[in-house]
Amino acid sequence: MAEATLHVQARAEKGKQAAKHLRQQGFVPGVLYGPGEKPSKLAVSAKDFFHLLHTYGRNVVVDLAIGEKSKKKIKAFIYEIQHDPISGDIIHFDLKHISLEEKIHVTVPVHLTGIPVGVKNEGGILEHLMHTVEITCLPIEIPDAITIDVSVLHTGNTVHVRDLPRERFEILSEPESVVVHV
C-alpha cells in the first residue's frame, strides 16, 4: 500500500466560474468530506496531482497538508476523479477523510503473469474478461493489484473471482464472475 503527501490550499469561492478560473491558473478544484464532517473546498496544483496519480496510482492513502505552513496532516483517500470528456484533463476530485482502523471499499486491478500452457502448446486464446475487482480492507492493506499466474491454465480452464487469492482483504465482486478464460 502506498502513502503520499499532497499539499493543498483551502478555497473560498465556489461555482463554475471560480473553478474555471482555478483551472486556468494551473490548479484543480476539489472537495474533502467524511462522516460527520462539513465538506471542505480545496485546490491543488494540477502538476502535483498528476504526479501523485502517476507515481502512486488511485489506491493511495493521501496525507493532506492544507495550507502553506500546515503541520497537521489529514488522512484521505481519492474517492472520485472527474475528467473533461474531450481533453481528458482532470477537472475535479473528491477526497474522503478516512480512519486507518476502518475498512474502506476500493477497486483494484487484476494483473496476469505467465503464458498459459493452453496458448503455448494447445492453440488456445487467453481472454482477460475482468480487469478490476471490488474489495474491502483497511486503508493500510490496499494491494497495488491482484496478480494471477496463468501459466498453468490449459484450453478450457477458467479462473473465477472465487479462485482469486485473498490476502488481507475481502472480495466483494460476484464470486461466479469469470476473470480469465483460455
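How many residues lie between strand 2 and strand 3 in the hairpin that they form? There are 6 residues between them, and Gly36 in the turn has a positive phi of about 75°. This is a predicted model, in which local features need pLDDT of at least 70 and side-chain atom pairs count only at pLDDT 80 or more, while totals for chains, interfaces and linings use all residues. Residues are numbered from 1 along each chain as its sequence is written, and side-chain values use heavy atoms, with hydrogens and water left out.

- Strands (E, at least two residues) are DSSP runs, numbered from the N terminus.
- Two strands pair if DSSP finds at least two bridges between them.
- Strand 2 runs antiparallel to strand 3 (residues 40–45), with 6 bridges, and parallel to strand 6 (residues 90–97), with 4 bridges.
- Gly30 has Leu42 as its bridge partner in strand 3 and Phe93 in strand 6.

**Nonpolar cores**

- A nonpolar core is a set of buried Ala, Val, Leu, Ile, Met, Phe, Trp, Tyr and Cys residues joined through side-chain atoms within 4.5 Å.
- The largest has 24 residues, and Val133, Ile135, Leu164 and Val179 have the most contacts inside it.
- Strand 7 (104–113), strand 9 (132–137), strand 10 (146–149) and strand 13 (178–181) each give two or more residues to this core; strand 7 gives the most, with 4 residues.
- Another core, of 20 residues, lies apart from it and includes Val44, Phe49, Ile78 and Ile81.

How values were computed: Buried < 20%, exposed > 50% of the residue type's maximum accessible area, 1.4 Å probe, protein only.
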